[in-house]
Amino acid sequence: MKETYVDVLIIGAGPAGLMAANALARAGTKVRIVEKRATAVDAGHADGIQPRTIEIFQSYGLAERLLREGNQMHMAAFYNPDPNGGGVKLTQRVPDITAPSARYPFEITLHQGHIERILLDSMEQSGVKVERSTVPTSILLADDESTVADPASYAVKVVLQRLDVEDTFETVHTKFVIGADGAHSWVRRSLGISMEGEQTDSVWGVIDVRLDTDFPDTRAKSIVNSTTGTCFLIPREDDKDRIYIQLDGTNMAVSTASKGRVDKTAASPEKLFAVAQEIMKPFRVEQIGECEWWTVYSVGQRVASSYSARERVFIVGDACHTHSPKAGQGMNASMGDSHNLAWKLAYVLRGWAGISLLNTYESERRKFAQDLIAFDKIWAKLFTGKPRTEENQDGVTHEEFLRHFQTFGGFSSNVGIHYQPSAITNTQYQHLARHLPIGQRMVPQVFIRAADGRPIEIQDMLPSDTRLGILVFTGDVATPKDLNRLEDLSDKLHNILAGFSRKAGQWSEAFRVISIAGPSLRKVGGAHLALPSQLRSHWSSVLVDDAGTTGKQGGDGYTNYGIDPSAGAVVLVRPDGHVGTVSPLSEDGVKQLEAYLNGFLNPVQSQS
């Protein structure tokens, strides 16, 4: 039998697997990804991209294509029973995204195949392609503890089988495995990891169609609650719409098999569309052409009991959490898992960090999944509940629905995901940046580049290239005394970063230092060149908190982040874009930053 060696083997090439493969390939990791399906997804499945996921795509340089190919969903419309009878009527239109810090205040809708193609094209530029018609048949993790504890060892053995070539097997020796093989994950079952939670009795249908209708909100997220049921319209690319249709109480909802699988034999796209037509009365709703894709599903709300086997085999995406699709979280949560895990694997494989860093994947992402299930239970209950009417005073009111819609805006948009204190999240000096939550992603803010006056979004200075971002908020530097103080601190900071640098004097492989000065810097002779050289490794790395030349962009960054311009601060941003810690701009603060880095990074001298 053929035997091969690889750093990371990914099983499953859906959005979670492809996000992991792309991130690891770009990080220079030797990675392979296998998939049972012979061809890529060409229709249907997941289709909603939340604001935070757009930011993540932007960090990999992929948002431009996503925005170009997808549909932007800016508005939500609510329809409820007309008190005068005769069906439903518009109650209210509101912004779809309510999180005030969303850089992209909208969702993108685009079918899963297109989203996967963006990731496929990106990772292929790094020489990685999906190996299709390939499945694992066995997985074995080494028994010896010293082997498992050594991140350089090939501690996992997986046997792969080619489905398109008879009797073709291969043994893969790998350091790590990522199971991204969906809700019925072979990897999860092989590891004996259970799913905790419940399967609800609620059954829904989904159809992707083009509509001919007098319903005015086909290009908004439309939630239609009628006395006969609920449907949910999502505008899609190419003038298509996706319609989620509540089937509870119909003959298509009565035959539910075990393990969350629904018997689809009683359903058809024509029957699903007929239910939607009834719910949306008095509006005329007709279908143009054929249904592109359809399915029927029951809602499961479960989280895996563990996300890894001894920090060597991990599960991501639907393999470790399932929930209803109506809040548009599934694909976003799945890719978020991989985005969180990939940089940590890269650090361990490079020897930059010990294997204990990988513990934070489960502690951060499983807590998020549990919060997601709690949110989903409330959200799903609102969808399945009957609307309040004169005859049904116990029903769900529009005000209740809207309150939850807006209250959960930060969570559902994913911009409010908040990781708890750990080795890589230290909140000791949160008060120095009151409005920049440690543990959340770096809040967007436009600053002005000192050298050329160009407005720069701070997130774009922090791409997903595995480097740690060191943002030095210098405060006001109007006097020689200010500059002398910075000179001394910058020398100390440089010495600390050099202690974690793999190439003598070149800390830029692991760190990206960005200086953000107050507006007074522009009045200092020499402007950005007046800063210590350690704080301006490149002319583009010095920003100013001031308005740009047009007066329309930039300014108020210190205020928006809650940083005192007379004191300054140092903000460390993790490779996944989340704020890891904040330190004072002082000698003690530099020591605190060193202690933080020592908490998970291997100093150069400790490496073999």
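Guide: Start with T559, which is exposed, at a relative accessible area of 56%. This is a predicted model, where local features need pLDDT of at least 70 and side-chain atom pairs 80 or more, while totals for chains, interfaces and linings use all residues. Residues are numbered from 1 along each chain as its sequence is written, and side-chain values use heavy atoms, without hydrogens or water.

Visitor: Why is T559 called exposed?

Guide: Exposed means over 50% relative accessible area, buried under 20%, and partly exposed in between (1.4 Å probe, protein chains only). T559 has 56%, so T559 counts as exposed. T559 is found in helix α13, residues 557-561.

Visitor: What makes α2 and α8 oblique to each other?

Guide: Helix α2 (residues 51-59) and helix α8 (residues 330-350) pack at about 40°, with axes 10 Å apart. Angles under 35 degrees count as roughly parallel, over 145 as roughly antiparallel, 65 to 115 as roughly perpendicular, and the rest as oblique. The α2 and α8 angle falls in the rest, so the pair is oblique.

Visitor: Which residues of α2 and α8 make the contact?

Guide: R52, T53, I56, F57 and S59 of α2 and N332, M335 and H339 of α8 make the contact (heavy atoms within 4.5 Å).

Visitor: Why are α12 and α14 called roughly parallel?

Guide: Helix α12 (residues 480-498) and helix α14 (residues 587-598) pack at about 10°, with axes 10 Å apart. That angle is under the parallel limit, so α12 and α14 are roughly parallel to each other. In their contact, L489, K492, L493, I496 and L497 of α12 meet E587, V590, L593, E594 and L597 of α14.

Technical notes: Axes are lines fitted to C-alpha atoms, for helices over the stretch in contact, and angles run from 0 to 180 degrees between N-to-C directions. Helices (H or I, at least four residues) and strands (E, at least two) are DSSP runs, numbered from the N terminus.
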